[in-house]
Structures are given as structure tokens and as C-alpha cells.
Amino acid sequence: MDVDEFIENPILEAATKSDLTNLAKGLNLAEVRLSMKKREVQRAITQYYIGKNVFAAEVLENIPEKVPASETAQLELEKLKLEHAIKLKQLEAAEKEKDRGEREREHALQLKELKVKREQERAEKQREHEIQLKQLEAAEKEERAEKEREYGEAEKQRKHDLEMVKLRQGRRDQGSDREERFNVSWELRLVLPFKEMDVDSYCLLFEKVAVNQKWPKEQWVALLQSVLKGKAQRAYTVLSMEEEEEESYDKVKAAILWSYELVPEANRQKFRSLKKGWNQTYTEFAYENGVLLDRWCTAEIVDKDYWRLRELILIEEFKGCVLEDIWMYLNEKPNKSISEFARFADEYALTD
């Protein structure tokens with residue numbers, strides 16, 4: 001506000017509080033403060049100009065000291081509005097503080113749950129680790145026990161071989177030979193105890209001993225049946241009851257192997273399904289694979305004959321290429337030749 005213009009036209013009511021405050025500042029009125037009301041600033045400026053003889057003293061009478069009731073009400077309303085706005089701000093701040101506290105509690109709860117979960121996972125891993133250690137210890141213990149058993153078997157075999165050498169040497173010293181009358185009771189000492197856990201290997205070992213000792217083959221059954229037990233003994237008993245003529249070793253062996261399901265098909269499945277064990281070396285696995293192949297070929301009576309082995313492989317491949325019903329039909333037929341199997345398959349297909 002221009003002071004000269006104000007002096008020429010001193011209309012205080014038309015001025016705003018901001019204009020009046022700036023005017024008081026220009027007049028160096030120290031008593032005027034920003035917190036004062038508009039009419040208080042007007043009275044201070046009017047008194048200043050009355051003192052300067054600019055305004056007549058009557059002018060001050062036109063500016064009441066007290067604010068009119070309407071203006072007071074307006075001020076009260078503004079005050080209430082301001083207080084309401086302050087309360088709203090306080091409520092908003094309190095709500096935000098409440099939300100922040102809730103978020104902090106949720107975060108603390110999540111951290112606690114995460115800690116519990118990690119502790120549980122750590123405990124579970126520890127349990128799994130302990131179980132794995134126990135399994136490894138059990139496997140190592142079983143492996144040591146197996147090696148001890150193998151060592152014991154090898155020691156028994158060594159003692160057995162040594163005893164046979166002594167027997168042969170004693171017979172040579174006494175001037176006896178194999179042309180003398182065969183004594184079953186004497187030879188029974190050389191027959192190893194029967195092993196139900198490994199029947200096919202036992203049969204091979206028995207035959208090896210029999211050949212080395214030059215036992216007459218017609219006496220093999222008499223020697224073998226003396227040590228039979230379990231399923232093998234029952235199979236031999238049934239075979240003896242069914243056969244009118246004297247049973248041969250091959251028939252007895254076949255009946256025993258059949259009672260333990262060591263038929264050609266079982267040997268083939270074992271050979272085809274063999275997998276390396278986690279505690280096996282590749283050398284051990286290869287050896288076991290070779291043993292199973294030998295057992296299969298022995299059961300099929302291949303006898304190191306290339307053409308018989310060829311027929312065996314062709315028959316197996318042929319069975320794997322036919323339908324299931326034909327495959328089951330062919331399994332009931334004796335393993336003769338690939339040409340006969342093909343003829344059997346054709347006959348079944350034509351009659352189906």
C-alpha cells in the first residue's frame with residue numbers, strides 16, 4: 001500500500017490485514033505484531049496518524065476496540081475449523097502410527113516364523129544327515145560281514161582242496177587208483193554242504209568236484225541227495241516218487257533248480273535286469289554280470305556252442321517282437337530253434 005495514497009484517501013476498512021501490517025512495518029510501529037487482529041492493527045495505525053495530526057481524534061471512534069459479534073462468530077467458526085483440521089491431522093498421524101506399529105508387529109511375527117522354519121529345516125537336515133550316516137555305517141558293516149563270509153568260504157574251500165590233495169596223495173601212496181570199487185560213504189566227506197541261497201553256483205561247484213574226483217556220473221545223485229535240504233529235498237522226494245526208472249543227475253538238477261525258480265527264464269530276467277549297486281565297484285559288477293550270463297547259458301544247455309548261443313539270442317529277440325499272447329504261448333514251448341519258434345507263432349496267429 002502506498003502511504004501517500006493512503007494519506008489522501010485513508011480508508012482503513014478497504015485494506016487487508018496484510019496491507020495494514022506492511023504499512024505498520026513501513027511506519028516503524030514496533031507494537032504491531034503479526035498475531036494481532038486486523039482492528040487492533042487499524043487502531044495502532046490510526047493512533048499514529050492522530051499523533052501526527054493526520055487524522056482527527058474522532059476517526060479512532062469509528063474503529064471499535066471489540067470485534068463485532070458476527071465477526072467473533074466467524075472467528076470462532078474459523079477457530080473450530082482449524083481445531084477440527086488439527087484433530088484430523090492428529091487422527092491421521094495416530095492412524096499412521098498405528099499402521100506402522102501393526103506393520104512392525106507383522107514384520108516381527110514373519111521374522112519369528114521364518115526363524116522357526118529355518119530351525120525346523122536345519123533340524124530336518126540334521127536328522128537326514130544322521131540317517132544317511134547310519135545307513136552308510138550299516139552298509140559298511142554289511143560289506144565287512146560279506147567280505148568276512150567270503151573269506152570264510154574261501155578258507156573252507158582252501159581246506160577242502162588241501163584235504164582232497166592229501167586224500168589223492170594217500171591213495172597214490174597206498175597204490176590204489178580209481179579203478180577200485182567206488183565207495184560212496186568214503187566220498188561223502190568231499191561233498192560240500194548244500195547252499196539254498198546260491199543253488200545254481202552250488203551245482204556248478206558240485207559238478208567241478210565230481211569231475212576232479214572222477215566220480216562215476218551214475219553215483220552223482222547218491223552223493224548229492226545226501227546233503228539236500230529244504231525245497232531241494234522236497235523236489236528230489238517228489239521226483240523219486242514220480243519216476244519209475246532210476247533218476248539221472250540232470251533230471252534231479254533240473255527239478256531242484258525249478259523248485260528255486262532258477263529256470264532259464266528266471267536266469268534270463270536276472271541277467272537283463274542287473275544294475276550296478278551303489279557299493280559295488282565296476283569290476284565286481286562286470287564279474288556278477290558274467291556269472292548271470294553263464295548261469296543263463298548253462299540253464300539253456302548252450303555248452304559253449306556258438307550255434308546254440310546264436311539260436312538263444314535270436315529266440316529272445318524274436319519273443320520281444322511278437323504280441324503278448326503269442327509271447328506267452330511261445331514260453332510254453334521248449335527252446336529248440338528259431339525256425340520252430342517262428343512256425344509256432346505262425347500257427348498261433350492262424351488259429352487265433
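**Helix packing, cavities and a pocket**

Good morning. The model is predicted, so local features need pLDDT of at least 70 and side-chain atom pairs count only at pLDDT 80 or more, whereas totals for chains, interfaces and linings use all residues. Residues are numbered from 1 along each chain as its sequence is written, and side-chain values use heavy atoms, with hydrogens and water left out.

I begin with that pair. H12 covers residues 306–319 and H14 covers residues 338–351; they pack at an angle of about 25°, and their axes are 9 Å apart. H12 is therefore roughly parallel to H14 (under 35 degrees; over 145 is roughly antiparallel, 65 to 115 roughly perpendicular, and the rest oblique). Axes are lines fitted to C-alpha atoms, for helices over the stretch in contact, with angles from 0 to 180 degrees between N-to-C directions. Helices are DSSP runs of H or I of at least four residues, numbered from the N terminus.

Which residues of H12 and H14 meet? From H12 come Glu311, Leu314, Ile315, Phe318 and Lys319, and from H14 come Ile338, Phe341, Ala342 and Ala345 (contact means heavy atoms within 4.5 Å). By class, this contact of H12 with H14 has 7 nonpolar, no polar and 2 charged residues (Ala, Val, Leu, Ile, Met, Phe, Trp, Tyr, Cys and Pro are nonpolar, Asp, Glu, Lys and Arg charged, and the others, Gly among them, polar).

H14 has a further partner, helix H13, residues 324–331. The axes of H13 and H14 come within 10 Å and cross at roughly 130°, which means that H13 is oblique to H14. Their crossing is right-handed. In the contact, Asp325, Ile326, Tyr329 and Leu330 of H13 face Phe341, Phe344, Ala345 and Tyr348 of H14. These residues divide into 7 nonpolar, no polar and 1 charged.

The next pair is H6 and H9. H9 spans residues 249–259, and H6 packs with H9 at about 160°, with the axes 10 Å apart. The two helices are therefore roughly antiparallel, and H6 passes H9 in a right-handed crossing. The contact joins Val199, Asp200, Cys203, Phe206 and Glu207 of H6 to Tyr249, Lys253, Ile256 and Leu257 of H9. It has 6 nonpolar, no polar and 3 charged residues.

I now turn to the spaces. How many cavities of 30 Å³ or more does a search of the whole structure find? The search finds 2. On a 1 Å grid over the protein atoms alone, a cavity is a set of points where a 1.4 Å probe fits but cannot get out, a pocket is an open set with protein on both sides within 12 Å along at least five of seven lines, and lining residues have an atom within 4 Å of a point. Grid points are joined across faces, edges and corners, and a volume is the space filled by probe spheres set on the points.

The largest cavity has a volume of about 40 Å³. Its lining includes Leu190, Tyr202, Phe206 and Trp215, and by class has 8 nonpolar, no polar and no charged residues.

The largest pocket has a volume of about 1,900 Å³. Of its 39 lining residues, Glu146, Glu150, Asp198, Ser201 and Arg295 lie nearest the centre. H4 gives the most to this lining, with 11 residues. By class, the pocket lining has 14 nonpolar, 6 polar and 19 charged residues.

Methods:
Left-handed = near helix turned anticlockwise from the far one by under 90°.
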